Amino acid sequence: MDIFDKVISRPGPLGKYAEKSHGYFTFPKLEGDISNRMKFQGKEKLVWSLNNYLGLGNHPEVRKVDAQAAKDYGMAYPMGARMMSGHTEKHEQLERELAAFVDKEDAFLLNYGYQGVLSIIDAMVDRKDVIVYDSESHACIIDGVRLHMGKRFVYPHNDMSNLGKELERAKKITETTGGGILVITEGVFGMSGDLGKLDEIVKYKQQYNFRLLVDDAHGFGTMGTRGAGTGEAKGVQDEIDLYFATFAKSMAGIGAFIASKREIVNYLRYNMRSQIFAKSLPMPMVIGALKRLDMLRNEPEHKEKLWTIVNALQSGLKENGFNLGNTESCVTPVFLNGTVPEASNLTYDLRENYDIFCSIVAYPVVPKGIILLRLIPTAMHTLEDVEYTVKAFSDIKSKLDSGEYASKDIVDVGHL
Ligand SMILES: Cc1ncc(COP(=O)(O)O)c(C=O)c1O
């Protein structure tokens, strides 16, 4: 069979919806400055789907520093991979500052979070080692695990007794192979907003010898007294052996980092294929990240504002009978019951008639019959936005419950 014919006939689980939903449900174009209000198809929407938690993405000071750095250095400098010719003092400075902030000895910059996690896993384990990971882990963890040549065991999401069983199995295997165990979880689970049970996971360290890798993409900047993440919030930062976060969320940029003991970070510097064989982060991204980190550390008002909005939104929705699952973070999932066509009708109604833009997740990403609307509050939102949204959600829920979205063919842009 011709490869092109194959992929055209099998476009993939999301690709099969492309024809009808492209530009609306998938690949929508949000225009204008990054904010709580942006334009979609020419009309202003209240946007709840950007991970711009602290509102730094369009902060005037950040924009100024980004623009100046682009003017001073251009987008190309430095050229080449860090190891060969793409290394600078600013890259090192950012690594030092990140490490100090998350209480680790050293840190290493990564060009992208997704590739970074994949490559950290790849560098840390070999065929003798066993990986034990949470079933709701982000795709970058799943794909990193896919690269692993040895055994891997998955435990049901946050199920600690099951983790114990998998660790027991892993221990038996490593006793014969002579390998080690790597446990991987997220700090804040990006879909459901619940926290990895880091405090309970680390208790197993007394019984089992393993190293813990935490992907804290959504926790960095939002969790803990200083915003140093979920490890700080749970008081177990020291027990996290490999602490990962991306710049794509609170830092509103691009890039990521891994922090750990000095020897381990040095090992990663020399062994992570995603960094050795890729160009280094451009200077404006590094200087921009230094500015963002400075604001994250020294201007607590952004996190305070964020949490005012989070608390108002989550309590407002709960008071109105919404099921928010087990979220303990800013990620605000709203679980509704309905079919996939109902999900698209409802989203369309929300977007066109209430001017609210939020992300929607339906089957097959969540079980059949569940509709997940995912709201991401930010420091840019206002209490009026919250009030308006809670009211709109109450409206759409009554319409859903009364079967309105099932009976009416509201959507003319295809189904999700
Ligand atoms: C939990 C988690 N890990 C990793 C990533 C990937 O990070 P990046 O966007 O920097 O590639 C994301 C999403 O961006 C994420 O949500």
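Predicted model: local features only at pLDDT ≥ 70, side-chain atom pairs only at ≥ 80, totals over all residues.

Student: Okay, in what order do the seven strands of the open sheet run?

Tutor: The order is 4-10-9-8-7-5-6, with mixed pairing.

Student: And which strands sit at the edges?

Tutor: Strand 4 (106–110) and strand 6 (152–155), each of which pairs on one side only. On average, neighbouring strands in this sheet are turned by 20 degrees against each other, ignoring direction.

Student: How do strand 5 and strand 6 pair, parallel or antiparallel?

Tutor: Parallel, over four bridges, with strand 5 covering residues 130–134. Within that pairing, isoleucine 131 stands opposite arginine 152 of strand 6.

Student: What does helix 6 lie across?

Tutor: Helix 6 (residues 139–147) lies across strands 5, 6, 7 (181–186) and 8 (210–215), and runs at about 160 degrees to strand 5. Helix 4 (residues 89–101) lies across strand 4 and strand 10 (256–260), at about 125 degrees to strand 4.

Student: Switching topic: where are the domain bounds?

Tutor: The assignment puts 3–53 + 301–402 in domain 1 and 75–298 in domain 2. Their centres, taken over C-alpha atoms, are 28 Å apart.

Student: How many residues does each domain bring to the contact?

Tutor: Domain 1 brings 16 residues and domain 2 brings 17. On the domain 1 side, helix 13 (301–319) and strand 11 (332–337) each supply at least two residues, and helix 13 gives the most, with three.

Methods
Residues numbered from 1 in each chain as written. Pairing = 2+ DSSP bridges. Axes fitted to C-alpha atoms, helices over the stretch in contact; angles between N-to-C directions. Contact = placed C-beta atoms within 7 Å. Domains from an automatic or database assignment.
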